[in-house]
Amino acid sequence: MAEKALFVRKASGLVRAIGAGDAMIFGVHCISLSSSGLISFAWVVFLWPGADLFSLLTIAMILCLFHAVTYSQIGATMPRAGADYVFASRTLNPTLAFASSWTLTIFSGVVAGSLIAWIPSTVLSSFCWSWGKIFNAPDLVAYSQTLTSGTNVLIIGTIFVLITFFTMILPTRPILRILEIGFILGVIAWIIIFASLLSASGPAAFKAAWDAFMGAGNYDSVISTATAHGFNYAPMPAGLLTVAGLIMGFWIYYGYYIPTFFAGELKEAPKTLLIGTWGSLIVTWAIFGLGALIITKLTTLQWMSAEAYLFYGSPGVMPALPFITFYSAVLLPNAILVAIVMIAFVYTLINLAQTYFFYCSRNIFAWAFDRILPGKIADVSTRLRSPVVAMALISLLAWIGVVLSQTTTIFVQINFTLFAIITMLVPVFSAIIYPFTKKDQWKNSPSLVRKTVAGFPLMTLVGMVTMGYLLWMIYASYAYPAVGGFITLNTVATFVGVFVVGLIIFQAARYYRLKKEGLDLGLTFKEIPPV
Amino acid sequence: MTRILHASDFHGSDIVYRKFLSSAKIHKADVVIIGGDITGKAMVPVIEQPDGSREAYFFATNHVARTKEELDELLKQISHIGFYAYPTNRREYEELKGDPKKLDALFAKTMVERVTQWVKLAEEHLKGTGTKFFMMAGNDDIYDVDEAINSSDYVVNIEGKVVQIDDYHEMINTGHTNMTPWECPRDLPEEKLGEIIENMASQVKDMNRCVFNLHCPPYNTKLDQAPKLDENMTYVHKGGQIEMVPVGSTAVRNAIEKHQPMLGLHGHIHEARGFDRIGRTLLINGGSEYAEGICRAAIVNMDKDKIKGYLFISG
């Protein structure tokens, strides 16, 4: 029957869906055109010297597509705030689900602070350094060092935490406008970076431009100086390095699935979410992948790794700055263009912190709805129509993140990625078993969720691939020293400690509600059989 | 202590209603309240094909039933998502398509039939258990359904009435809402809605212990945030995100601000599940996920002079 035979009466709620393109834009924001843009070309080559950057970005993107399907399915199955917690608590176990969500939220809040600390310690300082080098302003080069001091990071970081807080308690419209501007700025910045890189005719032009600003012979001395200070290029086969580095690929794309936490109320949400998350992955892969292809036409991965080593692994040996923004600036040293890129990167980094605040607040809402935390915590200001209390709590976490960024490496982003991955095991395992443990609900779920392949639930199949990807990244973090160097006993103890606190909070809340209010929280999570 | 189980916006979903009845038993509710929007929004013609199979189109997918078992399963699936399955043939389908009056009459008939079935189910499962059963229509429900609710000697149609929940608490009730973009059967201008509420409030003996069971949530709270629509009924979005706006009733808000009842029970905005406060009044919207077959409801434990606790359930 080609005809869509359906009679619809005049009733409320029958509206058309948001465009998938818009969901994609939000996903791109969550991935971040700034921080991911910097770490793709600096951290990957530093931590996995010898890994093929383009292949890593591509393999990680493909595996993230599976992860995106799993999270779209989770969001489509239970389209609510904090969907992964809601789904896992109803499918697997509420205590475990809460502890996982709690751990992810605590670390997300803290890492948002760590990202904010990046503004003075990395982004502003590197831009001051670049500007000083390129436009011959030695005072700025010196000032770039001042910016990275603990006190300055704390002061500037605190200011940016406050900026993020105050922007996030604004009514929806200005917040959306702020994000919109960030997206446009981010795209413009990347157009400038590509145009600058493409302005070079080849490696010789890049080398000449580099030496013009960094000093004659500097380019050629990068690899030898790094090697003399312990740099070891390609310690393992390139293929193994590439798959070992997938956790960094995951970190680069981290955030594409965040719209699933609040876009659930959309009509045709499964389709919109899937296209949105896939779209944001593909768009950012195209941007960073194109960047990788262009930059490796101008220089080698070995040189980039050595430059990154001199910056991160052996600072002070010789001036170094392994950021694509700097590479493009030396090729096209135009003050206006460099300034636009700088403003765009700082602005979109704030946008990234804003998306973390947004996402954490949704988890807090979900816990408050389930009465695990006091309702006050999810209060929405009548005047501003925004969750001021939740945002204040997340800001406090972020501020702690700024402080801790100066004293410990436990909350560095790579550790956060590992923590996030571990907490995802609970919802992803829930997705694998859902078609079997909640058969009736699964049968009535949207088509994306209830699809089968040769009679086997797609949700389970994709969930298993996603689970394999997550488990591999956990294993690789320990197995390969590039990441393992960051993961100490303290790191693991911190994770376990926060997780255990989550378990205790859930049980304490359950006890309190039962004793004081006569309500068993456990009933919230129970399936209701029909009469 | 009195335990209330409140839910609304089932929109014809048979499975959600059955789960709701079940949860009344599981949670040992003293009072069960259905707060409106009980009827479905669409009818699915299940059309007989020349080869004897039946075809139905819903949720952007064409469904085919070739055997009796498949047909039963299809009809069940349609009722679970809140739609009305209508087994028919091509000729009648074309006739209905061209005759809006006949289609309206058929819609009304099927809606009343399902509400009648639901009332009977409630009697079957809860009558004699000591649980009070209150039901009212919402803004999406045609007036014909009132008769189906009134036909019961157990289920009480509470629309426009002040009812006694227990020895201490009274409750005022209406499924009318302020005007929506769809101009539904029970949409009213704010002034008119305000009059209905005031008329009931004036009959309440002790407002401190009163419950306002009003389908429409008060304006500008957590319970009334809905996507903004443009003139083409399309979501307005900014920066890749939907723009949310308050769509609740100012008349409801004014009444709650003025009378400060103990509790406000609301529905209407499915996605705005949550709780809020206006002064001393606790406001609750259990939300709705009827199309997914998920029952959402709120349990409220009431002591004589205060709300002891509340909890959202879903499943």
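These entries record what I looked up in a predicted model.

**Entry 1. The open sheet of chain B**

I began with the strand order. In chain B, 6 strands form an open sheet, which I read as S9-S10-S13-S18-S20-S19 with mixed pairing. I then looked for the edges: strand S9 (162-164) and strand S19 (274-278) of chain B each have a single partner strand, so one side of each is left without a neighbour in the sheet. From one strand to the next, the twist averages 20 degrees.

**Entry 2. Pairings within the sheet**

S9(B) and S10(B) run antiparallel and are joined by 3 bridges; they form a hairpin, with 5 residues between them. In this pair I found Val163(B) opposite Met171(B). S10(B) and S13(B) run parallel, with 5 bridges joining them. Here Met171(B) stands opposite Val211(B) of S13(B). Strand S13 (residues 210-214) and strand S18 (residues 263-266) of chain B are also parallel, joined by 3 bridges. Val211(B) has Leu263(B) as its bridge partner in S18(B).

**Entry 3. Covering of S10(B)**

Which residues of S10(B) are buried on each side? I noted Glu170(B), Ile172(B) and Thr174(B) on one side, and Met171(B) and Asn173(B) on the other; both faces are covered. In total, 5 of the 5 residues of S10(B) are buried. In a regular strand, side chains alternate between the two faces of the sheet. I also looked up what packs on the sheet: helix H6 (residues 190-201) of chain B touches S9, S10 and S13 of chain B, and its direction makes about 160 degrees with that of S10(B).

**Entry 4. Nonpolar cores**

I next listed the core members. The largest nonpolar core has 247 residues; those touching the most other members are Trp190(A), Tyr254(A), Tyr17(B), Phe133(B), Leu263(B) and Ile284(B). A second, separate core of 20 residues includes Leu193(B), Met200(B), Cys210(B) and Phe212(B). In soluble globular proteins, nonpolar side chains tend to be buried together.

I took Phe133(B) for a contact list, leaving aside neighbours within four places in sequence. Its contacts include Tyr17(B), Leu21(B), Val32(B), Ile34(B) and Ala122(B). Leu126(B), Tyr154(B), Val155(B) and Val156(B) are also in contact with Phe133(B).

**Entry 5. Ser328(A)**

Is Ser328(A) buried or exposed? Its relative accessibility is 3%, and buried means under 20%, so I recorded Ser328(A) as buried. Ser328(A) lies in helix H15 (residues 324-331) of chain A. Leaving aside neighbours within four places in sequence, I found Ser328(A) in contact with Ile193(A), Ser196(A) and Leu197(A).

How values were computed. Residues numbered from 1 in each chain as written. Chains lettered and ligands numbered in written order. Predicted model: local features only at pLDDT ≥ 70, side-chain atom pairs only at ≥ 80, totals over all residues. Heavy atoms only, no water. Core = buried A, V, L, I, M, F, W, Y, C linked by side-chain atoms within 4.5 Å. Buried < 20%, exposed > 50% of the residue type's maximum accessible area, 1.4 Å probe, protein only. Contact = heavy atoms within 4.5 Å. Helix = DSSP H or I, 4+ residues; strand = E, 2+ residues; numbered from the N terminus. Pairing = 2+ DSSP bridges. Axes fitted to C-alpha atoms, helices over the stretch in contact; angles between N-to-C directions.
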